[in-house]
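Dear colleague,

Here is the structure you asked for, with notes on what turned up in it. Please read the notes with the model open beside you.

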Amino acid sequence: MRFVSVVGARPQFIKVAMVSKMLRQFHEEQIIHTGQHYDYCLSEQFFQELAIPAPDYHLACGSTSHGAQTGAMLTAIEQILLKEHFDWVLVYGDTNSTLAATLAAAKLHIPVAHIEAGLRSYNRAMPEEINRVVTDHLADRNFCPTEMARQCLEREGITGGVSVVGDVMYDMLLSVQPLLAERAAQLLPRLHVEPGNYLLATVHRAANTDDPRTFHAIAHSFNKLKYPIIFPAHPRARACIARYHVALKKHVLLIDPPGYIDMLALQRSAFRILTDSGGIQKEAFFLGVPCITLRSETEWRETVVTGWNTLAGIHWRQIIEAVARPTPAPVEKKLFGEGDAALRIARSW
Ligand code: UD1
């Protein structure tokens, strides 16, 4: 069968790396890169490090408003789908690239498979939530990472074509885990931090960056924390720091977004992780590092109910309290699968 994977943003490159590798053992696959992420550190770096096959199409859609960006992708993807006659379109996660590819394929009656289906934050103010809901409802196959995700789909009446396969990001993490200790040993001295004695922080969500007061509140809590903080800054977060004249104290070290393995190494050795990213909440859980989520809801409720993730919002008092919480008990159950999610997806055709 002929598949096409459509990706465009950093977390999707991590997901397609594993799926592509497995899928190409059994089928033909091409990759369309929408160009939603275009900076080296958010895109090319991942293709190189994870040995992702070079995209067959690069659409260079770039950053604009949601409508303009999604519309440009939709137009360009439709042209390719009309020409190539793929059997299936594979979409990943919840970005505007996911939505555009799903709409383009559905209108051309080409079946869509959604990888990382069934996630819900139940907050429609998040663009990602809208992308997920539309994608899950239009997809012909929904591959859920967890049982909770399957239940979310069931509540919305989506039961056909649904399977719980595990999380492809967990597969990916397991494949590089043996490299992390050595990578951390190289990296931490350069950043002047010691294992277990620093915090790792990321902020990039529109809800946390678009309003200066919210961004200032987060920065204020970072300034108040009594640990060194490594802060890999998404270009949007860096722009906010400049635009809103945010003064970060000396213990907050801004760095460029690292590659995949370096980022995992930084997570693995952190005392606690503070983030508004979905993927990092999961990776913290996989690595056994307590996470403090800088949002008031999450689509990864498994991490919260097991005690490994605290929804602290953006208020400094709650964030400081959450950082001080004791480490929870280990979770024995494999909530995110056995590390073979990508293989199970590839074999399901
Ligand atoms: C997107 C996804 C989000 C995902 C994130 C991963 C949507 C709606 N959001 O958010 O779900 O968690 O990717 O990082 O699809 N920018 C650059 N260089 C780049 C890309 C973006 O500087 O290579 C800046 C631009 O100013 C742009 C802003 O970042 O306007 C936001 O980029 P965009 O792709 O719209 O959303 P993300 O916040 O990255």
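Thr209 is buried, with a relative accessible area of 0%; buried means under 20% relative accessible area, exposed means over 50%, and partly exposed is in between (1.4 Å probe, protein chains only). This is a predicted model, in which local features need pLDDT of at least 70 and side-chain atom pairs count only at pLDDT 80 or more, while totals for chains, interfaces and linings use all residues. Residues are numbered from 1 along each chain as its sequence is written, and side-chain values use heavy atoms, with hydrogens and water left out.

Thr209 belongs to helix α9. Helices (H or I, at least four residues) and strands (E, at least two) are DSSP runs, numbered from the N terminus. Apart from neighbours within four places in sequence, Thr209 is in contact with Val203, His204, Phe215, Arg236, Cys240 and Tyr244, where contact means heavy atoms within 4.5 Å.

**Helix α11**

Cys240 is also one of the buried residues of helix α11 (residues 235–243), together with Ala237 and Ile241. Seen down the axis of α11, these buried residues fall within an arc of 100 degrees, so they line one face of the helix; the arc is that of the directions from the helix axis to the C-beta atoms. An α-helix has 3.6 residues a turn, so residues three or four places apart point the same way. Ala242 and Arg243, on the other side of α11, are exposed. The cover over the buried residues of α11 includes α9 (206–209), α10 (212–224), β9 (229–232) and β10 (252–255). Just after α11, His245 has a positive phi of about 50 degrees.

**Strand β4**

In strand β4 (residues 88–92), 5 of its 5 residues are buried. Trp88, Leu90 and Tyr92 point one way from β4, and Val89 and Val91 point the other way. In a regular strand the side chains alternate between the two faces of the sheet.

β4 pairs with β1 in the parallel sense over 4 bridges; two strands pair if DSSP finds at least two bridges between them. Val91 in β4 is the bridge partner of Val6. β4 is also joined by 4 bridges to strand β5 (residues 112–115), and these two run parallel. Val112 in β5 is the bridge partner of Val89. From β4 the chain crosses through helix α4 (residues 96–107) to β5 in a right-handed β-α-β crossover, meaning that, with the strands pointing away from the viewer, the path from the first strand over the helix to the second runs clockwise.

**Aromatic rings**

Rings of Phe, Tyr and Trp (its six-membered ring) pair if their centres lie within 6.5 Å; planes under 30 degrees apart count as stacked, over 60 as edge-to-face and the rest as tilted. The count comes to 11 aromatic pairs. Phe3 and Trp349 have ring centres 4.7 Å apart and planes at 75 degrees, so this pair is edge-to-face. Phe3 lies in strand β1 (residues 2–7) and Trp349 in the segment after α16 (341–347), so the pair ties together parts that are 346 residues apart in sequence. Phe3 and Trp349 are both buried.

The rings of Trp300 and Phe336 have centres 5.9 Å apart and planes at 45 degrees, so that pair is tilted.

Regards
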